[in-house]
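Please look over the sequence and the fold shown here. A short report on selected features follows.

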Amino acid sequence: MISRVTNDLTLAEEAGEVNGFVGWSAQSASGLLYFIHDIDLDLKLIYDCMTMYERDALNDEEYIKLYYDTNMAMLNHGGLTLITKPFFSWAKRLMKTVRDAFTKDSIDRNPHDCFARSEKSVMSDKTLRTDFILLCKKHSEVESLDSINKAYEIIVPKVCHARFGSVFRQWKAENVIKHENVALRTKLKAGADKKRKSVESATVTPGLATAKKARNEEAESDVAEANVNIENMTC
């Protein structure tokens with residue numbers, strides 16, 4: 001899977017997302033069929049017509065040039081599934097719809113139901129569904145509209161969940177760092193305030209004992225600041 005979650009992708013990164021998310025989704029759905037006693041042959045025909053193995057794509061110069069992100073080769077440990085040329089433009093539009101539907105801002109605005117809202121938005125796109133139906137009728141032997149819709153309602157949510165999950169993981173990581181930084185600044189400010197009060201106390205109340213106490217408190221504050229800085233650098 002591609003790790004970047006921004007919506008500003010290069011052509012190669014877009015291709016990587018198509019194959020990484022839509023290709024994976026179709027492969028996963030196809031694999032699940034073998035755990036069912038009576039395999040749905042219509043679904044298998046649909047999954048088969050929209051996917052291909054990387055080893056087959058490597059013999060197609062046009063595919064490698066237009067639809068293949070060579071960076072994926074580094075992530076492939078065998079059995080990488082790619083989206084076939086007839087379905088690629090549709091899958092590319094699907095990924096753009098999914099990216100636009102769910103961003104880090106989506107989580108900030110509706111943290112409790114952002115996943116459900118965004119998935120509903122994607123699934124309500126009638127053009128995506130209609131184009132998928134036309135592609136399946138043209139490139140597979142499946143004529144049943146029910147079977148094509150069933151395949152759509154399996155594949156598209158899988159794509160949503162996978163891509164939404166990537167965005168959420170990055171959002172979560174950034175927020176953990178943000179909260180750690182806030183805690184760090186609070187601790188440093190507390191140390192600085194303690195240090196200032198110690199100096200003021202030593203100035204107002206003369207005497208060897210008071211000055212010694214102020215120096216001790218100042219040293220303790222410095223040690224606390226140093227420890228926080230070390231912890232921050234090693235995180």
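Which exposed residues does the face of helix 8 turned away from its buried side carry? They are Ala116 and Lys120. Keep in mind that this is a predicted model.

**Overall layout**

The protein has 11 helices and 2 strands. Along the sequence their order is α-α-β-α-α-α-β-α-α-α-α-α-α. Of the 235 residues in the protein, 37% are buried. Take the contacts between residues at least 6 apart in sequence: 74% of these join residues at least 24 apart.

Helix 8 covers residues 114–123. Its buried residues are Cys114, Ser118, Val122 and Met123. These residues lie on the same side of helix 8, because they cover an arc of only 155° around the axis. Ala116 and Lys120 are exposed on the face turned away from that buried side.

**Two helix pairs**

Two packed helices are described by the angle between their axes and the distance between the axes. The table gives both values for two pairs.

| Helix pair | Axes come within | Crossing angle |
|---|---|---|
| Helix 1 (residues 11–33) and helix 2 (residues 41–50) | 10 Å | roughly 150° |
| Helix 6 (residues 85–101) and helix 8 | 9 Å | roughly 150° |

Helix 6 is thus roughly antiparallel to helix 8. Its crossing past helix 8 is right-handed. On the helix 6 side, Leu94, Thr97, Val98 and Ala101 make the contact. Helix 8 supplies Ser118, Ser121 and Val122. Two of these, Ser118 and Val122, are also listed among the buried residues of helix 8.

Helix 1 passes helix 2 in a left-handed crossing.

**Serine 147**

Serine 147 sits in helix 10, which spans residues 145–204. Is serine 147 buried or exposed? Its relative accessible area is 10%, so serine 147 counts as buried; the cut-off is under 20%.

The side chain of serine 147 makes a polar contact of 2.9 Å with the side chain of aspartate 42. Beyond its neighbours within four places in sequence, serine 147 is in contact with Asp42, Leu43, Ile46 and Val142.

Notes:
Residues are numbered from 1 along each chain as its sequence is written. This is a predicted model: local features need pLDDT of at least 70, side-chain atom pairs count only at pLDDT 80 or more; totals for chains, interfaces and linings use all residues. Side-chain values use heavy atoms; hydrogens and water are left out. Helices (H or I, at least four residues) and strands (E, at least two) are DSSP runs, numbered from the N terminus. Buried means under 20% relative accessible area, exposed over 50%, partly exposed in between (1.4 Å probe, protein chains only). A polar contact is a pair of N or O atoms within 3.5 Å; within protein, one must be able to donate a hydrogen and the other to accept it, and residues adjacent in sequence count only if both atoms are side-chain atoms. Contact means heavy atoms within 4.5 Å. The arc is that of the directions from the helix axis to the C-beta atoms. Axes are lines fitted to C-alpha atoms, for helices over the stretch in contact, and angles run from 0 to 180 degrees between N-to-C directions. A crossing is left-handed if the near helix is turned anticlockwise from the far one by less than a right angle, and right-handed if clockwise. Angles under 35 degrees count as roughly parallel, over 145 as roughly antiparallel, 65 to 115 as roughly perpendicular and the rest as oblique.
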